[in-house]
Amino acid sequence: SQDCVTIEGPETVILKPPRSCQTNRQTDKSLPQTAQRFSFTQVFGPDAGQKKVFDGSVRGLVQDVLEGGNCLVFTYGVTNAGKTFTFLGPDHDSGLLPRSLSVIFNSIDGHLYSRSDLKPQRCRDYSRLTPDQQAAEISSKRNLLRNFKEVSILGHSFCRSICSSLTDSSVNSISDADAFGLSFTSNVCFSIWVSFCEIYNDNIHDLLDGDIYSMLRLSQDVKGNSFIKDLRWVQVNSFEEAYRVMKIGKKNQSFSVTRLNQLSSRSHSIFSIRIIRVEDISVPRVLGISELALCDLAGSERCSRTQNTGERLKEAGNINSSLLTLGKCINAIRLNQQAKFRHHVPFRESKLTHFLQVFFCGSGRVCMVVNINQSSSCFDETLNVLKFSALAQKEAQIREEISAEYMEIFKEMEKDYSERLEREKEILEERADRRVEILKNLVSKTVNLSSSSTNEKEEQTALMEIISSLTKDLEKIKEDAQSVHSCLTEHAHTTGKHSVVFFSSHIYVCLLWFVG
Ligand SMILES: Nc1ncnc2c1ncn2[C@@H]1O[C@H](COP(=O)(O)OP(=O)(O)OP(=O)(O)O)[C@@H](O)[C@H]1O
């Protein structure tokens with residue numbers, strides 16, 4: 001059918017109402033009658049391959065995560081628009097997720113921390129595992145990977161398909177050479193962990209758990225950041241292992257045949273990659289934990305088009321309602337950034353937004369990948385999708401300005417702390433020096449007294465008491481000086497760290513479509 005979308009430039013598309021819509025304008029005033037222009041960070045047309053899309057959207061976020069940031073990527077669009085294709089891609093034409101994994105492993109080549117004594121937990125925390133726990137971890141991973149044999153699709157062996165994908169230098173394959181030249185010292189290593197879960201009918205299920213029907217719940221850490229309690233994290237030591245885990249999880253995800261899509265995702269799936277940066281010295285020291293969460297959201301659906309009934313209709317209701325909440329949250333965040341009074345952001349209204357809250361409220365980057373179908377039969381749905389993404393784009397611009405403001409504040413705070421630190425040090429040193437002088441005088445007096453007469457015994461005892469109390473005083477001053485010093489140093493250090501890992505909050509909104 002007729003197309004309703006045209007690319008105007010690398011960042012702009014024009015949506016034209018189809019003729020049928022124009023003839024209906026008397027009856028339906030809500031439909032726009034003229035062409036509308038929408039801007040995005042980057043627009044990809046039907047000819048853009050997976051590599052181009054990855055390079056223009058998620059690649060930069062992968063670099064941020066390798067350098068210590070936290071990032072979120074999510075797909076958005078109506079059902080059958082190509083979200084899962086973009087997210088995963090077929091084996092011979094890998095999508096955003098496998099490419100991200102490949103770049104991560106290529107970039108940390110030779111710096112992998114393969115010991116399993118450190119494991120991520122809660123939101124951005126880790127635990128040290130005992131030898132027994134490590135053995136249990138290794139054995140459970142072995143059992144999980146055994147499932148992979150069943151996952152190989154249409155007789156394609158895993159090795160054959162993935163090896164051709166890795167070695168084929170065509171534009172669509174994952175290239176070995178795709179890596180970041182990161183600057184870290186030789187004893188810094190990276191421990192990589194992944195998890196895979198889905199939100200189906202507003203319930204969270206672990207796609208890597210034997211019992212995928214058991215439900216997980218969201219919890220909060222001491223800082224109020226939400227995380228999925230008891231979610232399984234698997235340590236992966238190579239791209240191949242990570243890819244296998246991805247395939248196993250995908251096999252467990254809820255898919256169904258619908259009128260519009262032969263393999264329609266009926267749930268939002270979330271694949272998370274956590275990177276523990278370790279200084280691998282005699283006792284390994286954790287330098288930081290970062291995360292890249294990749295969410296393939298289920299598509300919004302018009303029941304009139306899908307004609308779903310029963311279970312499919314219930315799923316569609318849940319999908320639409322969580323996407324609506326996502327829209328409400330993005331809108332409330334946008335309003336909060338403009339207004340003096342804070343609007344309530346309804347993150348808790350759906351599991352999806354509750355989980356995403358930590359990324360929307362944190363300092364990392366968010367990339368929204370919007371898929372649309374240019375066919376005029378999808379005009380009104382496409383219009384809604386574009387309006388929604390335009391809203392997110394507005395939020396992105398405001399957040400960028402705010403980030404610049406924060407950076408200024410951080411810089412001022414840092415300056416203030418270092419000045420205060422210097423002043424405090426000077427005062428404490430001066431006070432300590434004065435006390436030492438007094439003490440020295442008293443000691444010399446005591447020596448003189450002991451060498452003179454015994455009649456002055458009482459005077460001597462009194463002096464000794466003063467000396468002892470002054471010594472205690474001095475000890476106390478030293479302790480205070482030490483704690484004030486370390487407290488200020490620590491604060492200045494943290495502030496400094498912020499300026500290094502504080503990424504400007506930014507939602508990239510990329511638009512892509514295919515000729516379907
Ligand atoms: N760029 C593309 N090139 C070729 N085929 C594509 C492309 N994008 C999508 N397709 C095909 O279109 C169909 C629908 O795509 P996909 O399943 O990714 O849609 P979706 O948006 O994830 O749908 P849902 O929300 O229902 O899960 C699939 O058969 C897929 O292979």
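Begin by selecting the ligand together with the shell around it, where 13 residues surround the ligand and the closest are Thr79, Lys83, Phe85, Ser264 and Ser265; a residue counts as near a molecule if one of its heavy atoms lies within 4 Å of it. The model is a predicted one, in which local features need pLDDT of at least 70, side-chain atom pairs count only at pLDDT 80 or more, and totals for chains, interfaces and linings use all residues. Residues are numbered from 1 along each chain as its sequence is written, and side-chain values use heavy atoms, with hydrogens and water left out.

An oxygen atom of the ligand lies 2.9 Å from a backbone N or O atom of asparagine 80, and an oxygen atom of the ligand lies 3.0 Å from a backbone N or O atom of glycine 82. Of the 630 Å² of accessible area that the ligand has on its own, the protein covers 70%, with areas taken from the Shrake-Rupley method with a 1.4 Å probe.

Now colour by secondary structure, with helices (H or I, at least four residues) and strands (E, at least two) taken as DSSP runs numbered from the N terminus. Helix H4 (83-87) and strand S15 (264-265) are the elements that give two or more residues to the shell around the ligand, and H4 gives the most, with three residues.

Of the 15 residues that line the largest cavity, Phe227, Ile228, Arg274, Glu291 and Phe355 are the closest to its centre. Strand S12 (226-228), strand S16 (268-279) and helix H12 (351-361) each supply at least two residues of this lining.

Finally, select tyrosine 76 and phenylalanine 388, which form a stacked aromatic pair, 4.3 Å centre to centre with 15° between the planes; rings of Phe, Tyr and Trp (its six-membered ring) pair if their centres lie within 6.5 Å, and planes under 30 degrees apart count as stacked. Because tyrosine 76 lies in strand S5 (residues 70-77) and phenylalanine 388 in helix H13 (residues 379-451), the pair ties together parts that are 312 residues apart in sequence.

Definitions and conventions
A polar contact is a pair of N or O atoms within 3.5 Å; within protein, one must be able to donate a hydrogen and the other to accept it, and residues adjacent in sequence count only if both atoms are side-chain atoms. On a 1 Å grid over the protein atoms alone, a cavity is a set of points where a 1.4 Å probe fits but cannot get out, and a pocket is an open set with protein on both sides within 12 Å along at least five of seven lines; lining residues have an atom within 4 Å of a point. Rings of Phe, Tyr and Trp (its six-membered ring) pair if their centres lie within 6.5 Å; planes under 30 degrees apart count as stacked, over 60 as edge-to-face and the rest as tilted.
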